[in-house]
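I set out to record what surrounds the ligand and how charged side chains pair. The entries follow the order in which I looked things up.

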Amino acid sequence: MEKIIIFDTTLRDGEQAPGASLNQKEKLEVAQALADLGVNIIEAGFPISSKGDFEAVKAVAKSIKGPVICGLSRAINKDIDAAYQAIKYSKRPRIHVFLATSKIHMKYKLKKAEDEILRLAVNSVKYAKKYCPDIEFSPEDASRSERGFLFKVIAAVIDAGATTVNIPDTVGFTEPEEFGNLIAAIKGNVSNIDKAIISVHCHNDLGLGVANSLQAIKNGARQVECTINGIGERAGNASLEEIVMAIDTRQDIFGNLKTDINKNKIYKTSRLVSKLTGFLIAPNKAIVGANAFRHESGIHQDGVLKERTTYEIIKPQDVGFYGVGLVLGKHSGRHAFDERLKQLGFKLNQIQLEAAFVRFKQLADKKKNIFDDDLITIVEDEIRVIKPVWQLKSFRVDSGTDILPQADVELKKKGKLFSQSSSGDGPVDACYKAADKIIGIKSELVDYRLEAVTQGKDAIGEVNLKIKIKNKVVSGRGSSTDIVEASLLAYLAAVNKYVA
Ligand code: KIV
Ligand code: ZN
């Protein structure tokens, strides 16, 4: 069996998705989840890009054990210095240097000729190599680069010490046959290619990121760069869960290949990334969408009952999806609650467990049937909530067909209560305006989504939103059986993130 190295770039390319930004604590949480998932390499960020990113990469390098921790860098010495200063705490650091090789990038973006690009590529790899042995080089926009020049750059950076050469389809322009041929051509034309691992990094602008990655694997690529839920620049990157499950499910085709991924952690990791970035997962998303294992038509349901494999190519449990099964109710005790959380893969400390149980009981008073997704929502809130600056104490709204919506909101900060009233376009808007008056901020609502976590009139409503404060977009999430309360909680979560 040969291994496909899974290089996860959720914390770098994924986080470049507009509005997906994560704070340091959230990055650490995702990084730990990625380590538990079994990814081989975590690209933790682009250290030179901001102080926040530098500190986050450093924190990941210091505390995450297992995977290689990688930092991105342009082919510039000061970038490489910053990347190394951030990742040097890892037992297994990697510097990832990139420089564009396509005519269009060299002419318009870099304004440099081929020989200059070649020189910079080689010098930057040599410079990075002084810091650590594990160096990856990416000829950015490789799929649109002129092949002769691309081969020359690849050979030169391998001679300079690159141990992985990554072939990015930066703008998601290629298609499977062409990209597979490119990988085969690199293998056939770059004389020293056996001294490096070929990696691929496919974007999804034509919806072909996963297909291109798989075709590259068939042609000799042994590392794939991907993100959880396929988040990333523009239309995103190839999705980790789809690549891993395609290799696993089609062993008749990829039979000599395997990954180190703990498949049963896929669903949980996907949810975590969705919650923290505020990027909801489309119900029909492969592997992790809410409908991925749901059979609606009678014929399909009948088939699955007779023999699961008639309409199911993956066992939902294999990716850690246990359905919406009715689990608990008002009379369920602490033991049943703890047990179910353990089965769902949560490890809570005593304080978190206590807080989650209190919320569970409050919910059970309002909602007859409590499903796994309800429990996951409660627990995820409790794990994450640490000392918010602004807390909701109470609110009251007046709205209807013939009146101007009016809200009274009471917030708590450091034990002190503050209240304000406001009218608004609707009850939620009125609440936000009242909260803004208390907090003293001006915000713009960029995105607002309301979803029912489970079915039924008493379902928990979950609000995911993004607000812009002073040009910074922050996301927030809140849940409650009352949708105005969920909206206010989501708003305060975003404000608290901003304040933090
Ligand atoms: O898409 C791209 O080309 C990249 C590189 C930095 C690898 O993200
Ligand atoms: Zn990319």
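The entries below cover conventions, the ligand shell and the salt bridges.

**Conventions.** I worked from a predicted model, in which local features need pLDDT of at least 70, side-chain atom pairs count only at pLDDT 80 or more, and totals for chains, interfaces and linings use all residues. Residues are numbered from 1 along each chain as its sequence is written, chains are lettered from A and ligands numbered from 1 in the order in which they are written, and side-chain values use heavy atoms, with hydrogens and water left out.

**Ligand shell.** I listed the residues around ligand 1 (a heavy atom within 4 Å) and found Arg-12, Asp-13, His-96, Phe-98, Ser-138, Glu-140, Asn-166, Pro-168, Thr-170, His-201 and His-203. By class I counted two nonpolar, six polar and three charged residues; here Ala, Val, Leu, Ile, Met, Phe, Trp, Tyr, Cys and Pro are nonpolar, Asp, Glu, Lys and Arg charged, and the others, Gly among them, polar.

I then looked up polar contacts (N or O atoms within 3.5 Å). Oxygen atoms of ligand 1 have a polar side-chain atom of Thr-170 at 2.6 Å, one of His-201 at 3.1 Å and an N or O atom in the side chain of His-203 at 3.0 Å. The protein covers 94% of the 260 Å² of accessible area that ligand 1 has on its own (Shrake-Rupley method, 1.4 Å probe). Strand 5 (93-100), strand 6 (135-140) and strand 7 (164-169) each give two or more residues to the shell; strands are DSSP runs of E with at least two residues, and helices are runs of H or I with at least four.

**Salt bridges.** I noted 28 salt bridges in the structure, each a side-chain nitrogen of Lys or Arg within 4 Å of a carboxyl oxygen of Asp or Glu.

Arg-12, which also belongs to the ligand shell, pairs with Glu-43 at 3.0 Å, N to O. Arg-12 lies in the loop between strand 2 (5-8) and helix 1 (24-37) and Glu-43 in strand 3 (residues 41-45), so the pair ties together parts 31 residues apart in sequence. I found both residues buried (under 20% relative accessible area; exposed is over 50%, partly exposed in between; 1.4 Å probe, protein chains only).

Asp-134 bridges to Arg-94, with the closest N and O atoms 2.8 Å apart. Asp-134 is in the loop between helix 5 (114-129) and strand 6, and Arg-94 is in strand 5, so this pair ties together parts 40 residues apart in sequence. Asp-134 counts as buried at 18% relative accessibility, and Arg-94 is buried at 6%.

Note on methods
A polar contact is a pair of N or O atoms within 3.5 Å; within protein, one must be able to donate a hydrogen and the other to accept it, and residues adjacent in sequence count only if both atoms are side-chain atoms.
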